[in-house]
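Look at the sequence and the structure below before reading on.

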Amino acid sequence: MGRMGAEDPSTAFRPRLLDLVTFQLMLLMCSASCGGRLFRALFAEVELDSGGAYMDFRVSQPGYVCLNCGAPAFDLGEVPGEMAAEAEADEVPAATDILCPVCETLVRVEADMECPNCGAPLEVG
Ligand SMILES: [Zn+2]
Ligand SMILES: [Zn+2]
């Protein structure tokens with residue numbers, strides 16, 4: 001009995017681990033900082049071929065839990081963008097030109113300060 005030419009079918013559909021890892025730039029962190037390294041995506045859609053072999057996945061919306069302690073996890077890869085957006089929202093340009101009520105000098109003020117000409121306190125807004 002020969003087994004010539006027979007290929008082991010179990011090696012035909014190996015999970016494409018490299019594809020999995022490089023799918024997108026993520027850095028998941030447990031919110032409880034338990035040190036867990038495994039997480040589960042709560043809203044992931046897995047794509048299979050007709051034989052049920054894993055092909056690909058995509059996260060339909062962000063949401064992860066730590067598999068070590070069960071706490072919610074968050075994606076640090078997304079945080080810098082969100083923080084930048086928040087910083088932009090906070091950073092309202094406050095420079096205003098106002099007339100000093102005492103000497104009527106036009107002063108550009110960004111916060112409460114004194115008139116550079118006469119020293120009178122100037123209030124923004
Ligand atoms: Zn954890
Ligand atoms: Zn003044």
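Two strands pair if DSSP finds at least two bridges between them. The model described here is predicted. Its chain holds two helices and ten strands, and buried residues make up 5% of its 125 residues.

**The chain as a whole**
- Along the sequence, the elements follow the pattern α-β-β-β-β-β-β-α-β-β-β-β.
- Of the contacts in the chain with a separation of 6 or more, 40% are accounted for by residues 24 or more positions apart.

**The hairpin of strand 7 and strand 8**
- Strand 7 covers residues 96-99 and strand 8 covers residues 106-109; the two pair in the antiparallel sense over four bridges.
- Thr-96 has Val-109, in strand 8, as its bridge partner.
- Six residues lie between the strands of this hairpin.
- In this hairpin, Glu-104 takes a positive phi near 60°.

**Val-46 and its surroundings**
- Val-46 is part of strand 3, which spans residues 44-48.
- Is Val-46 buried or exposed? Val-46 counts as exposed because it has 10 C-beta neighbours inside 10 Å, and a residue is exposed if that number is 12 or fewer.
- Leaving out residues up to four places away in sequence, Val-46 touches Tyr-54 and Phe-57.
- Asp-56 is ten residues from Val-46 along the chain, and the C-alpha atoms of these two residues are separated by 6.0 Å.

Technical notes. Residues are numbered from 1 along each chain as its sequence is written. Chains are lettered from A and ligands numbered from 1 in the order in which they are written. This is a predicted model: local features need pLDDT of at least 70, side-chain atom pairs count only at pLDDT 80 or more; totals for chains, interfaces and linings use all residues. A residue is buried if 20 or more other C-beta atoms lie within 10 Å of its own, exposed if 12 or fewer, and partly exposed in between; C-beta atoms are placed from the backbone. Two residues are in contact if their C-beta atoms, placed from the backbone, lie within 7 Å.
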